[in-house]
Amino acid sequence: MKTYKIRPIGDSDIPLAYNIFSTNRALPWSIESFTQSVNSGVCLVAEIEGQLQGYILCSVIFETAEVLDISVQKNVQNLGIGSALMNAVIECFQSKKIEKLILEVDEFNAAAIGLYEKYDFRTIDIRKNYYQDSAGNCSNALVMCLSL
Ligand SMILES: CC(C)(COP(=O)(O)OP(=O)(O)OC[C@H]1O[C@@H](n2cnc3c(N)ncnc32)[C@H](O)[C@@H]1OP(=O)(O)O)[C@@H](O)C(=O)NCCC(=O)NCCS
């Protein structure tokens, strides 16, 4: 495995990050909404040899941060990049005295739930039929929380 670097996102990374986002999502937000969330939140990227491979995007309201999305290129998933991004964002928020990190995840997204449970996120609520795919199938959202 080549070594990867975690750093804050720059403006020129946004199209590549959006490309990773939209290929990993059935119903992606528009690039305008994505860019607005990046510009108003905290976003870290992972790169290997200068190539962007993934990112984590969070919003912060007072003492609570929310993971809006974490996404890794399909061909380098399961190699520790998601964990490296999660580690970095947790360290960042701990240094800023943020008290908790929350997120929503589809109940059927085993990879993401596996990542969050590895970091001790706990399910605190279930939002019934929160997600709907392009075929109209519904699934619940787990609301998960990590105390920092
Ligand atoms: C979720 C995602 C970001 C994880 O990134 P990753 O780089 O593959 O994660 P890691 O390699 O660091 O794996 C972290 C942990 O996740 C879990 N995990 C990863 N893939 C898994 C899978 N397919 N099934 C179950 N658990 C899995 C494992 O517990 C792993 O821990 P380990 O390193 O001790 O084995 C990645 O799968 C992804 O981009 N998915 C598509 C986008 C998405 O669904 N984002 C979440 C939105 S809520």
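**Ligand shell**

I began with the ligand and found 20 residues around it, of which Q77, G82, S83, A111 and G114 come nearest; I count a residue as near when its C-beta atom, placed from the backbone, lies within 6 Å. I then looked up which elements give two or more residues to this shell, and they are β4 (64–72), α3 (81–95) and α4 (110–118), with α4 giving the most at 6 residues. Helices here are DSSP runs of H or I with at least four residues, and strands are E runs of at least two, both numbered from the N terminus. By residue class the shell divides into 9 nonpolar, 9 polar and 2 charged, where Ala, Val, Leu, Ile, Met, Phe, Trp, Tyr, Cys and Pro count as nonpolar, Asp, Glu, Lys and Arg as charged, and the others, Gly among them, as polar.

I note that the model is predicted, so that local features need pLDDT of at least 70 and side-chain atom pairs count only at pLDDT 80 or more, whereas totals for chains, interfaces and linings use all residues. Residues are numbered from 1 along each chain as its sequence is written.

**The chain overall**

I listed 4 helices and 7 strands in the protein chain, and along the sequence they follow the pattern β-α-α-β-β-β-α-β-α-β-β. The radius of gyration, taken over C-alpha atoms, is 15 Å, which agrees with the value near 15 Å for a compact globule of 148 residues; the rule behind that value is 2.2 Å times the number of residues to the power 0.38. For contacts I used C-beta atoms, placed from the backbone, within 7 Å, and of the contacts with a separation of 6 or more, 58% are between residues 24 or more positions apart.

**Core and L85**

I looked next at the largest nonpolar core, which has 31 residues, and those with the most contacts inside it are C43, L44, Y55, I56, L85 and V89. Such a core is a set of buried Ala, Val, Leu, Ile, Met, Phe, Trp, Tyr and Cys residues joined through C-beta atoms within 7 Å. At least two residues of this core come from each of α1 (14–24), α2 (31–40), β2 (42–48), β3 (51–61), β4, α3, β5 and β7.

Beyond its neighbours within four places in sequence, L85 is in contact with I6, L44, A46, G54, Y55, I56 and I70; the C-alpha atoms of L85 and I6 are separated by 6.9 Å, although the two residues are 79 apart along the chain.

**Strand pairing**

I took strands as paired when DSSP finds at least two bridges between them. Strand β5 (residues 100–106) pairs with β7 (residues 138–147) in the antiparallel sense over 7 bridges, with L101 opposite L146, while β4 and β5 run parallel and are joined by 4 bridges, T64 having K100 as its bridge partner. On β5, I found L101, L103 and V105 on the covered face and K100, I102, E104 and D106 on the uncovered one. Strand β6 (residues 122–132) also pairs with β7, antiparallel over 7 bridges, and Y131 stands opposite S139. The hairpin of β6 and β7 has 5 residues between the strands, and G136 there takes a positive phi near 90 degrees.

Notes. Two residues are in contact if their C-beta atoms, placed from the backbone, lie within 7 Å. A residue is buried if 20 or more other C-beta atoms lie within 10 Å of its own, exposed if 12 or fewer, and partly exposed in between; C-beta atoms are placed from the backbone.
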